[in-house]
Each structure stands twice: as C-alpha cells, then as structure tokens.
Amino acid sequence: MIEMLTDNHFERIMGLFDRATKSIKIISPFLTESMAEKLCNAKARGIDCSFITRLYVQDLAHKANTADGLERMIDSGIAVYAVKGLHTKLYLFDDTEAIVGSANFTYSGLNVNLELSLLLSEEERIADLNGYFSKLHEQIVASGDGIISPEMLKESRELCEHLYKGNKSVSITTRSIKMYGADLGKNPINAEKELKSCEGESDPIFDMMRENEVIEQINYDHSIWLKFDGEAESRIGGDQEFPLVRVELNGKKVYVQNYPKRPGMVKDGDEVYLAAITTDKAGKNQPVIVGRGYLRGFKDTNRVDESWEEENTWMDRYPWFCVMDDCEILDTSVENGIPLDSVCMALGSDTYLVSFGRKEDIPTVARKHYQKAHLRLSGNAKAFIDKRFDELKKQYGVKTITSEKEE
C-alpha cells in the first residue's frame, strides 16, 4: 500500500513510532530537540535506532539542527552519523514500513511546512530503501569520519557561540563553513560552495515560521527566580561543590540566600534555581545551575545578623537574605551542572520573563544576568531546566536541604 502524506506527516510518523518493535532508521539533514526526544524514547523501549544527518555549524547557528538533540541521542545509545552534502529524508520502521519525501525530522517539517511524502507499507520497494540505508551506513563507517562524537559536538558548539557574539544574523564566515562528517560525493565537497548551494533548503516557510511563530508561554501563579551565587572577581571553583550557608534565625537552623539589595518581590512559595558563578567544564566563565527549591517570602526584618558576618565576612556586601526550603543540590562539583548559556541558546529571549517573545539576539539575552543577583525565569525555562536537572539528578544524586520551621 502507498499513501500520500501532506498535512498529516506528524500523525502518521508518530503512529509508526508507536507500532515499531525492532528498529527505527532515519535520515534527515535537519533535527529539532523535540523530535530527538521521540527517538530517545523509542530507544528506551528497546528498539534499535540509527540516525544519519549532516553536521554544519551554520545549521546549528540557524537552529535548523541541534547539538543538544544529537548529544541526547548519543547518550541514549543511539548510533548517530554525519554526511556532508546530505539532502535525503527517509524513515524506516521494522523493515516493513517506510516514508520517503521532503519532510525533515523537525517540528516544522512534520507539523508546519508544506511537505509531500509517500508512506509505503509491505511494499517490495521497502527492501530497496533498506538497502539504500545499509549501503550508506557502510560507506559512512568505512570513511572513518562519519561517526558523530562528543568532541565534534563540543567544537561545533564553541564555533556556534563565536558566530553569535556581536552578530544578530549569521553569514558565511570561516567559522560558519565548518562541516563535519563523511564526504561521500563523487567530487570532494567545497564547504563554501556547498553552503551557498543549499541555502534555500532551509526552506523559506521554515524560516518564516521560526521568526514569527508565537511560542506558548507556560505560566505559574508564583515567580520563578534564577539566583546567582558568587562574584566574577572570586568565582567558585569548577571542581568545588556548591557552597551552602546555614545560620541560626530565631532559634532555628535555616539555609539562606543573600542579596546586595532588598529582594522585596520574593514571596512565599516562589521557586528558585541556584546558579554558581564559576567556570564550566569547557573552561568558560559563566553561571552554572546546580540547585532548585523554594523561598520563603522576604520580610523587612531579613537583614544579616552581625554574628553571621563573623563567619561569612562577605555578607557585609550582601546584607539581605531569604530563607530556602526543600532544596535539591546536585551532589557533584559545580562544573557538572547546567551551563546558563545552554539554556539561553535553546530558548533565546524566552529564557527570561522580562523578554519573553521579544526575539532578542543571543548576545543581548546573555548579557541580562550581568551585575544581577537574581532574575525571573519564564515557565518555559523552568520546564527546560527541570528536564535536564532530573537527568543530572539520576547521574549524580542530590543533597536535600530543608530549613527548620518556625513554631
């Protein structure tokens, strides 16, 4: 049976994901993290998964592909490969069903764009498509350059970050023409010519929707704070654990977060994510999120006691405080937490409540935390951070801290 797919790509492909029991093999130049998650979930069900894509820094910069999604696949045990000059889109399920057409493995490709594909079920041609995949896989492995490694992703992220610094748009530069993967074409690929030839493949509809798409904001009836701990002049060592401050308040042992100015907007039950001013695993100076919990509302009496300053001399510069409740701190060194730039790169201006929906460029977003003790996060950022924090919690465990309650 052959079925034509137009506006029902997502529905059909998700149905095939649900029915698959043995293998899922996908070829797609572009990828979004939400789709990567679908493949990771299939792998968790015991299905053998393979993914072939292309890894261009310019694609990452334009968010047509995602290093985070590829990394999640690799961490899940999925075989992930890169091919230069790749334009094929192919989906194979259990060697019995296949989709071939124009749709990339992206949210827009399966839900938004104008795409046309064919769904084949129990057709002789499926064997030919599986043969195509197998041959391509063999060539990639034989080349020695096609397996995507953590080192590739690290370098591509660093190059991508350089592109954003001071630039609101990304043009072809010596950094952006960097391409990874197997070169299987008849002639060696010239990177600059390849990128210029496939500029249109990013799809004007995809670009338009990416620029104009209204992201649904996740709202809460309380504030969600990102609290910074440490100073640029005296950073917390990356190999150190997050420092916790416990003091005696009205006869009770409590954990506190300190502020240089009165945090009058903090209310009872507000959530807080704790970020250490430190150096990440890549050696970059930036805040790294290592904890989460809740705050008690600020009171006018929440001023540092003189006895506290005897053990914590820095409190004279941070004389105001809020009490923390039910907090989880990653049981590892701070460098293993969630780098703030990974959140900003994924969500852009939607990271913070004050800039949600403004489509600000990455450098503008990244500067928002400078000279700040705390900032309000969006509900979308909370969801993004929680997901990664839960993964790190499984890997490292957490220390749970709770302040004593007043009677």
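Reader: Let's start with K25. Is K25 buried or exposed?

Author: This is a predicted model, so take what follows as a reading of a prediction. Buried means under 20% relative accessible area. K25 has a relative accessible area of 14%, so K25 is buried.

Reader: Okay, and which side chain does K25 meet in a salt bridge?

Author: General idea to begin with: side chains of opposite charge can pair when their charged atoms come close. Here the partner of K25 is D95, at 3.2 Å from N to O. The two sit in distant parts of the chain, 70 residues apart: K25 belongs to strand β2 (residues 23-27), while D95 lies in the loop between β6 (90-93) and β7 (97-101). D95 has 43% relative accessibility, so D95 counts as partly exposed.

Reader: What about the salt bridge of D59 and R54: how far is N from O there?

Author: That one is 2.8 Å. Apply the cut-off again: D59 is at 7% relative accessibility, so it counts as buried. R54 is buried too, with a relative accessible area of 1%.

Reader: Which residue forms a salt bridge with R262?

Author: D300 does, and the closest N and O atoms are 2.6 Å apart. This pair also links distant parts of the chain, 38 residues apart: R262 is in the loop between β12 (252-259) and β13 (270-279), and D300 is in the loop between β14 (285-295) and α10. R262 is partly exposed at 45%, and D300 is exposed at 58%.

Reader: How many salt bridges does the structure hold?

Author: There are 27. Some link up into a network, which takes in E271, R292, E328, K382, D386, D390 and K393.

Reader: Which residues gather in a patch of negative charge on the surface?

Author: D305, E306, E310 and E311. Take E306 as your example: you'll find it in helix α10 (residues 306-311). Exposed means over 50% relative accessible area, and E306 has 67%, so E306 is exposed.

Reader: Now a helix as a whole. How many of the residues of helix α11 are buried?

Author: Six of its eight, so helix α11 (residues 340-347) is mostly covered under the 20% cut-off. The buried ones are L340, D341, S342, V343, C344 and M345. Just after α11, have a look at G348, which takes a positive phi of about 60°.

Key:
Residues are numbered from 1 along each chain as its sequence is written. This is a predicted model: local features need pLDDT of at least 70, side-chain atom pairs count only at pLDDT 80 or more; totals for chains, interfaces and linings use all residues. Side-chain values use heavy atoms; hydrogens and water are left out. Patches are made of residues with over 30% relative accessible area and no salt bridge: like charges are joined within 9 Å, nonpolar side chains (Val, Leu, Ile, Met, Phe, Trp, Tyr) within 5 Å. Accessible areas come from the Shrake-Rupley method with a 1.4 Å probe; for residues, only the protein chains shown count as cover. A salt bridge is a side-chain nitrogen of Lys or Arg within 4 Å of a carboxyl oxygen of Asp or Glu. Lys and Arg count as positive and Asp and Glu as negative; His and the chain ends are not counted. The place of a charge is taken as NZ of Lys, CZ of Arg, CG of Asp or CD of Glu. Helices (H or I, at least four residues) and strands (E, at least two) are DSSP runs, numbered from the N terminus. Buried means under 20% relative accessible area, exposed over 50%, partly exposed in between (1.4 Å probe, protein chains only).
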